[in-house]
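Q: I would like to take a close look at one part of this model, the place where two chains meet. Could you walk me through that part slowly?

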Amino acid sequence: MSTRADEEYDYLFKVVLIGDSGVGKSNLLSRFTRNEFNLESKSTIGVEFATKSIQTEGKTIKAQIWDTAGQERYRAITSAYYRGAVGALLVYDISKHSTFENVERWLKELRDHAEANIVVMLVGNKSDLRHLRAVETDEAMAFSEQHNLAFIETSALDASGVDTAFQRILTEIYRLMSRRNMAAEEGGNQPRLTSGQTISLSNEKQPRKNCCQG
Amino acid sequence: MSQQQSRGLPGFLRRTFRTSDSNISATNTLPDEDTPVPSVLDNNGGENATGKVEAPAADLNSEKRSSSDSRISGTSASASNAATPITNRAVLETTPTSASSTGSRKHLRTIAFPPLPHEMDANDEEGEGDTTTNNSARPAAAAANSSRRLLDESIQSTTTSTNNNPAPKSYKEIQFDTILASPIIPIRDLRKLAWNGIPPHHRPTIWKILLGYLPANTSRHATTLVRRRREYKDAMKQHYDIPDDTRTNSEQETLRQVLVDVPRTMPEVPLFHNDRVRRCLSRLLYIWAMRHPASSYVQGINDLATPLIAVFMSGYFGGKDCLDGEVMGDVSDLMLEEIEADTYWCLTSLLSGIQDHYTSDQPGMQRMVMHLEELVNRIDADLAAHLKSTGIEFIQFAFKWMNCLLLREFRLSCVMRLWDTYLSEGDGGFEDFHVYVCASFLVHFSNELQQMGFDELFQFMQNMPTDDWGDREIEILLSSAFVLSTLFGGSEAHLNVVRH
Ligand SMILES: Nc1nc2c(ncn2[C@@H]2O[C@H](COP(=O)(O)OP(=O)(O)O)[C@@H](O)[C@H]2O)c(=O)[nH]1
Ligand SMILES: [Mg+2]
């Protein structure tokens with residue numbers, strides 16, 4: 001399998017999008033990876049993903065961002081969805097309070113299915129809908145501090161905050177990992193990543209040194 | 001299998017067969033006789049009256065086979081003459097038929113014919129009501145003792161079909177007209193015919209019949225429609241036209257989900273931008289959810305209602321394609337009410353056959369994905385091995401194919417053609433046969449897929465390149481799925497494989 005030069009990267013991180021259906025997960029993904037927004041996008045069925053590489057602290061990080069339906073029914077694919085994810089963007093819609101109320105439920109879902117040390121960022125999307133705002137920034141901020149989550153407001157529609165959100169979560173994952181790696185090196189024979197966490201989740205591409213075995 | 005027999009198959013299947021188990025011969029497993037499984041439409045709270053019709057055994061394989069071939073060679077299947085003696089009925093061709101309107105159906109119904117043998121059978125067994133969805137258009141199992149004969153016949157019909165002698169274009173239409181003019185519609189004949197595609201103006205009525213919504217007995221059509229539409233109105237009063245604060249939390253949640261999804265249903269089709277159509281869709285989805293609490297509304301069911309709405313609407317306009325939404329100015333509220341009710345009942349019937357696809361944990365979906373994986377392992381080992389090596393899981397890409405029955409993969413007009421065949425397949429159409437279609441679909445892209453790594457594969461399959469597909473491509477897909485299903489079809493078929 002061929003790997004083009006522009007696909008070279010130092011790290012591959014899997015990040016999942018979660019949150020109620022209709023909050024704008026798929027549009028955040030298309031805005032970030034393709035700079036596209038679609039007012040009439042179809043509901044997501046099953047799982048999808050897109051990738052994009054970013055630079056942070058001199059490293060190239062390839063983000064593999066997974067998107068799925070918000071409906072609870074789709075358990076059949078849940079475990080594969082969370083497997084190996086190192087980050088999660090938990091999205092709600094600032095114009096629909098119920099989607100914010102459900103954030104707790106999504107946190108529980110993460111506790112049940114994702115790795116314990118997954119990095120979670122709370123994302124209040126549709127910030128362009130100022131006149132319809134139903135969730136105050138302060139309220140969400142307080143909630144995120146209380147639960148030790150990063151927090152940002154975005155608009156997939158006007159693009160504000162979207163790049164920042166992804167950049168921040170990827171950087172944070174990277175820092176956390178390098179810290180862990182250092183600790184691991186100091187600690188001796190431990191594996192490069194703790195708690196069995198794999199960074200490359202697709203079995204496909206490894207960091208560039210051994211990318212061409214396929 | 002021999003070179004010769006594989007010649008009539010689409011190219012991608014021919015290639016595939018080389019990698020398949022060489023002990024299995026396509027011709028030996030050609031199904032022989034209809035073995036109707038007496039099953040009844042699921043009776044959801046009395047929503048479906050049930051009845052069953054045992055169809056007489058008939059030999060339709062040679063016809064099916066030749067018509068599969070004809071899709072490739074471009075000639076029409078004439079072998080069906082043998083199965084449906086229509087000579088004395090061809091007079092009917094001059095009768096203007098617009099089976100989609102009840103009025104003309106009444107008119108046709110007054111023309112009496114001596115019933116054909118299968119019609120009499122159908123008549124005998126006609127139950128109280130409505131339905132005859134049991135008989136597959138094609139048999140499920142092969143009977144070993146006559147497979148030899150079939151083999152000969154299928155070879156014969158293959159040769160005749162290459163004998164470029166195209167019947168007049170209206171030939172197929174005449175057959176449809178004839179069947180629909182019968183006082184008791186011979187369902188099995190109808191399935192056979194409809195398997196190869198239904199002319200647009202007949203589609204609304206035939207879908208309703210094949211879904212068991214309209215009974216085989218055409219004299220009951222009008223009263224059935226009146227009754228069912230009234231029942232739907234009652235359901236609407238009970239579930240929909242109530243104050244929101246009388247709904248439970250979970251009912252409100254369901255309604256919210258429906259209302260989130262309706263505006264993003266088929267956004268590429270202007271008809272579904274229409275507010276009146278959206279209101280219909282919201283209502284019928286919500287009412288369906290209320291009446292089927294074991295699954296309730298599941299995302300993707302909204303997609304499944306769209307072909308029904310579009311087809312039933314076209315029935316009011318002589319089969320005209322309504323997808324651009326331009327007819328909406330001519331669609332009265334009464335028409336729309338009827339379309340909504342008919343769609344509701346037909347969706348109910350369709351979903352009752354695949355109910356566990358949408359219940360908790362979606363076992364039906366998982367079963368189909370597993371079946372697909374097994375099939376691909378057998379028919380295209382190279383592709384299967386490649387997919388495995390990339391680490392992609394079938395559930396990751398095929399889930400959507402199962403959940404939305406390929407509605408996300410093809411444009412709506414192609415889906416209509418696809419469903420002609422699914423509905424003609426009988427009970428297994430949307431389940432078993434669908435899996436064969438998915439397998440053919442995947443294998444169709446085998447070469448390309450084998451060049452791709454995980455990322456590329458996944459993204460390719462998120463958005464399969466079918467923009468330029470039309471009925472022809474769908475028909476090739478269907479005929480190869482048919483061949484696969486005879487090769488690898490159900491457990492019974494396996495037992496009946498004759499090896500030489
Ligand atoms: N105004 C506004 N609408 C948005 C925004 N993001 C998404 N939407 C709309 O919200 C609806 C649902 O978006 P989608 O991305 O499909 O949500 P998902 O179900 O979470 O994937 C669509 O109609 C989008 O156009 C946003 O930032 N602002
Ligand atoms: Mg989505």
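With which residue do the side chains of A:K42 meet in a salt bridge?

A: Let us begin with how to read the model. It is a predicted model, in which local features need pLDDT of at least 70, side-chain atom pairs count only at pLDDT 80 or more, and totals for chains, interfaces and linings use all residues. Residues are numbered from 1 along each chain as its sequence is written, chains are lettered from A and ligands numbered from 1 in the order in which they are written, and side-chain values use heavy atoms, with hydrogens and water left out.

Now to your question. The partner of A:K42 is B:E268, and their side chains form a salt bridge with N and O 3.1 Å apart. Here a salt bridge is a side-chain nitrogen of Lys or Arg within 4 Å of a carboxyl oxygen of Asp or Glu. Over all chains, the structure holds 27 salt bridges. The pair of A:K42 and B:E268 crosses between chains. On one side, A:K42 sits in the loop between α1 (25–34) and β2 (47–56) of chain A. On the other, B:E268 sits in the loop between α12 and α13 (275–291) of chain B. Helices (H or I, at least four residues) and strands (E, at least two) are DSSP runs, numbered from the N terminus.

Next, the interface around this pair. Between chain B and chain A the count is three salt bridges. There are also nine residue pairs in polar contact, both residues at pLDDT 80 or more. A polar contact is a pair of N or O atoms within 3.5 Å; within protein, one must be able to donate a hydrogen and the other to accept it, and residues adjacent in sequence count only if both atoms are side-chain atoms. On the side of chain B that touches chain A, the elements giving two or more residues are α12 (249–261), α18 (394–403) and α22 (454–462) of chain B. By class, that side of chain B has twelve nonpolar, 16 polar and ten charged residues. In this scheme Ala, Val, Leu, Ile, Met, Phe, Trp, Tyr, Cys and Pro count as nonpolar, Asp, Glu, Lys and Arg as charged, and the others, Gly among them, as polar.

How many residues take part? Chain B brings 38 residues to the contact and chain A brings 34, where contact means heavy atoms within 4.5 Å. The size of an interface is often given as the accessible area lost when the parts come together. Chain B and chain A bury about 3,100 Å² between them, with 51% of it on carbon and sulfur atoms. Buried area is the accessible area (1.4 Å probe) that two parts lose on being put together, summed over both. Of the area that chain B buries against chain A, 19% comes from B:R264, B:Q299 and B:D455, more than any other three residues supply.

The two chains also share a ligand site. Around ligand 1 there are 20 residues, and the closest are A:G22, A:K25, A:N27, A:L39 and A:D128. A residue is near a molecule or strand if one of its heavy atoms lies within 4 Å of it. Because residues from chains A and B surround ligand 1, the site is shared between chains. Backbone atoms of chain A take part here too: a backbone N or O atom of A:G24 lies 2.9 Å from an oxygen atom of ligand 1. For A:A156, a backbone N or O atom lies 2.8 Å from a ligand 1 oxygen atom, and a polar backbone atom of A:L157 is 3.2 Å from an oxygen atom of ligand 1.
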